[in-house]
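Good morning, colleagues. Please look at the sequence and the model first.

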Amino acid sequence: MRDTGARPRIGIRNALLTLAMLALAAAPAVAQPDLGSSMRQKLDRAQGLFEAVVLARFPAARRYAGDLLRISEQSTWTPLATPSYLRYAGEFQEAARSLGQAAAARDIDEVATAYMTLTSTCVQCHRLLRESRQAEHDRAPGRLAPGVRSPRPPGSLVASGQ
Ligand code: HEC
């Protein structure tokens, strides 16, 4: 009675262990934790910024823009060393800088324009990341069905000319 009752539990334990091991094996492919948390901070500041812009709260807008610039400047890890990625990173910082200046000048039109440029770089950079990931996925021969050969040799994202 006790034995048969215990068996499924061992099965579940093994399954959980396997899942944990799979998660560990997958860990290196996940973004650096440092970048994830800095992006969480970015999202938090960008949300605060939206409110400040909409309500023309210039000192708060200036503070959030400064935070965003600092977070971006402090993140040293670049997942994609392609010209497009670096361009978006540069545009992001530039938009944060001009937003700060426009807020200091209490110029709501300039603040709104810079805010739109800023959020557009969030979207564009993330789109670039998704596309690169998709390209990498398409290139990885291991992901193809058995017997199907990859149309392109595996290569680094940097060499893909993005
Ligand atoms: C120059 C590129 C770039 C820009 C600009 C950018 N991000 Fe990201 N973001 C990244 C990268 C790289 C990741 C990690 C993606 C991954 O590996 O899944 C990321 C991930 C995130 C995540 C998910 C974090 C998590 O929980 O793992 C959030 C949220 C995020 N970004 C918010 C923002 C916001 C908000 C902005 C604009 C204010 C922004 N990002 C601008 C590159 C960028």
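Helices here are DSSP runs of H or I with at least four residues, strands are runs of E with at least two, and both are numbered from the N terminus. On that basis, the protein chain has five helices and zero strands. Along the sequence, the pattern reads α-α-α-α-α. Please bear in mind that this is a predicted model.

Two overall values come next. The protein chain has 162 residues, of which 14% count as buried. If we take contacts between residues at least 6 apart in sequence, 59% of them join residues at least 24 apart.

Let me turn to the interior. In soluble globular proteins, nonpolar side chains tend to be buried together. In this model, the largest nonpolar core holds 18 residues, and the members that touch the most others are Ala61, Ala65, Leu99 and Val111. At least two residues of this core come from each of helix 2 (33-54), helix 3 (58-74), helix 4 (83-104) and helix 5 (108-139). Helix 4 is the element that gives the most, with seven residues.

What is leucine 99 in contact with, leaving aside its neighbours within four places in sequence? The partners of leucine 99 are Ala61, Ala65, Val111, Ala114, Tyr115 and Leu118.

I now come to the packing of helix 3 against helix 4. Their axes lie 8 Å apart, at an angle of about 155°. Angles over 145 degrees count as roughly antiparallel, and helix 3 and helix 4 are therefore roughly antiparallel to each other. The crossing of helix 3 with helix 4 is left-handed. On the helix 3 side, the contact includes Phe58, Ala61, Ala65, Leu68 and Leu69, while helix 4 brings residues including Ala89, Phe92, Ala96, Leu99 and Ala103. Sorted by class, this contact of helix 3 with helix 4 comprises 11 nonpolar, four polar and three charged residues.

The next pair is helix 4 with helix 5. Here the axes come within 8 Å and cross at roughly 160°. Helix 4 and helix 5 are therefore also roughly antiparallel to each other. Their crossing is left-handed. Among the residues making this contact are Tyr85, Tyr88, Phe92, Ala95 and Leu99 of helix 4, and Val111, Ala114, Tyr115, Leu118 and Leu128 of helix 5. By class, the contact of helix 4 with helix 5 divides into 14 nonpolar, five polar and two charged residues.

Finally, I would draw your attention to two loop residues. Where is alanine 56 placed? Alanine 56 sits in the loop between helix 2 and helix 3. Its phi is near 55°, a positive value in a residue other than glycine. Is alanine 56 buried, exposed or partly exposed? Alanine 56 counts as partly exposed, because it has 13 C-beta neighbours inside 10 Å.

Arginine 106 has 13 other C-beta atoms within 10 Å, so it is partly exposed.

Thank you for your attention.

Terms used. Residues numbered from 1 in each chain as written. Predicted model: local features only at pLDDT ≥ 70, side-chain atom pairs only at ≥ 80, totals over all residues. Core = buried A, V, L, I, M, F, W, Y, C linked by C-beta atoms within 7 Å. Buried ≥ 20, exposed ≤ 12 C-beta atoms within 10 Å, placed from the backbone. Contact = placed C-beta atoms within 7 Å. Axes fitted to C-alpha atoms, helices over the stretch in contact; angles between N-to-C directions. Parallel < 35°, antiparallel > 145°, perpendicular 65-115°, else oblique. Left-handed = near helix turned anticlockwise from the far one by under 90°. Nonpolar A, V, L, I, M, F, W, Y, C, P; charged D, E, K, R; others polar.
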